[in-house]
Amino acid sequence: MQTVISSHALYKKEFVSIKKRYPNITSHFVNGKYYLQGSIDITGDSGEKYDEYEILVEFPVSYPSVFPVVFETGGRIERVPDMLINDDGSCCLGTMASMF
């Protein structure tokens, strides 16, 4: 029998691995939604740091059926369509079809 894991339990489990990889990320639960916020380092395969970004990740109530929404909050990415920033300020990370 397949075990169904709640979105809260799944989020908490995933946050443990996210926190190990990105120690400057914090987690918040507000109005029924989970949020990740903080800085992430962009690194190469051997660990060399290329860059750093401030982000906010919003996990919809229907997560994991719906992807989280990511915002670059540090103002480092210019807000133009060519930079893959949507009208609402969220980052375009790919299409639903390309994610599967």
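A polar contact is a pair of N or O atoms within 3.5 Å; within protein, one atom must be able to donate a hydrogen and the other to accept it, and residues adjacent in sequence count only if both atoms are side-chain atoms. The model examined here is predicted: local features need pLDDT of at least 70, side-chain atom pairs count only at pLDDT 80 or more, and totals for chains, interfaces and linings use all residues. Residues are numbered from 1 along each chain as its sequence is written, and side-chain values use heavy atoms, with hydrogens and water left out.

The chain contains 2 helices and 4 strands. Helices (H or I, at least four residues) and strands (E, at least two) are DSSP runs, numbered from the N terminus. Along the sequence, the pattern reads α-β-β-β-β-α. The chain has 100 residues, and 25% of them count as buried. Buried means under 20% relative accessible area, exposed over 50%, and partly exposed in between (1.4 Å probe, protein chains only). Contact means heavy atoms within 4.5 Å. Among contacts between residues at least 6 apart in sequence, 18% join residues at least 24 apart.

Strand S1 (residues 25-30) pairs with strand S2 (residues 33-43) in the antiparallel sense, over 6 bridges. Two strands pair if DSSP finds at least two bridges between them. Serine 27 stands opposite leucine 36 in S2. The two strands S1 and S2 form a hairpin, with 2 residues between them. Asparagine 31 sits in this loop between S1 and S2. Asparagine 31 is not a glycine, yet its phi is positive, at about 50 degrees. Its relative accessible area is 75%, so asparagine 31 is exposed. Another loop, between S3 and S4, holds proline 64. The peptide bond from tyrosine 63 to proline 64 is cis, with omega near 15 degrees.

Glutamate 72 belongs to strand S4 (residues 69-72). Its relative accessible area is 3%, so glutamate 72 is buried. A polar atom of the glutamate 72 side chain lies 3.1 Å from the backbone nitrogen of glycine 74. The side chain of glutamate 72 also reaches the backbone nitrogen of glycine 75, at 3.1 Å. Neighbours within four places in sequence aside, glutamate 72 is in contact with Tyr53, Glu54, Ile77, Arg79 and Cys91.

The largest pocket has a volume of about 420 Å³. On a 1 Å grid over the protein atoms alone, a pocket is an open set of points with protein on both sides within 12 Å along at least five of seven lines; lining residues have an atom within 4 Å of a point. Grid points are joined across faces, edges and corners, and a volume is the space filled by probe spheres set on the points. The lining of the largest pocket comprises 22 residues, and Ile40, Ile55, Val57, Val70 and Leu93 lie nearest its centre. Helix H1 (7-21), S2, strand S3 (49-59) and S4 each supply at least two lining residues. S3 gives the largest share, 4 residues. By class, the lining has 20 nonpolar, no polar and 2 charged residues. Ala, Val, Leu, Ile, Met, Phe, Trp, Tyr, Cys and Pro count as nonpolar, Asp, Glu, Lys and Arg as charged, and the others, Gly among them, as polar.

Isoleucine 55 lies in strand S3. At 12% relative accessibility, isoleucine 55 is buried. Beyond its neighbours within four places in sequence, isoleucine 55 is in contact with residues including Ile25, Leu36, Ile40 and Phe71.

Notes:
1 Å grid on protein atoms, 1.4 Å probe; cavity = no way out; pocket = protein on both sides within 12 Å on 5 of 7 lines; lining within 4 Å.
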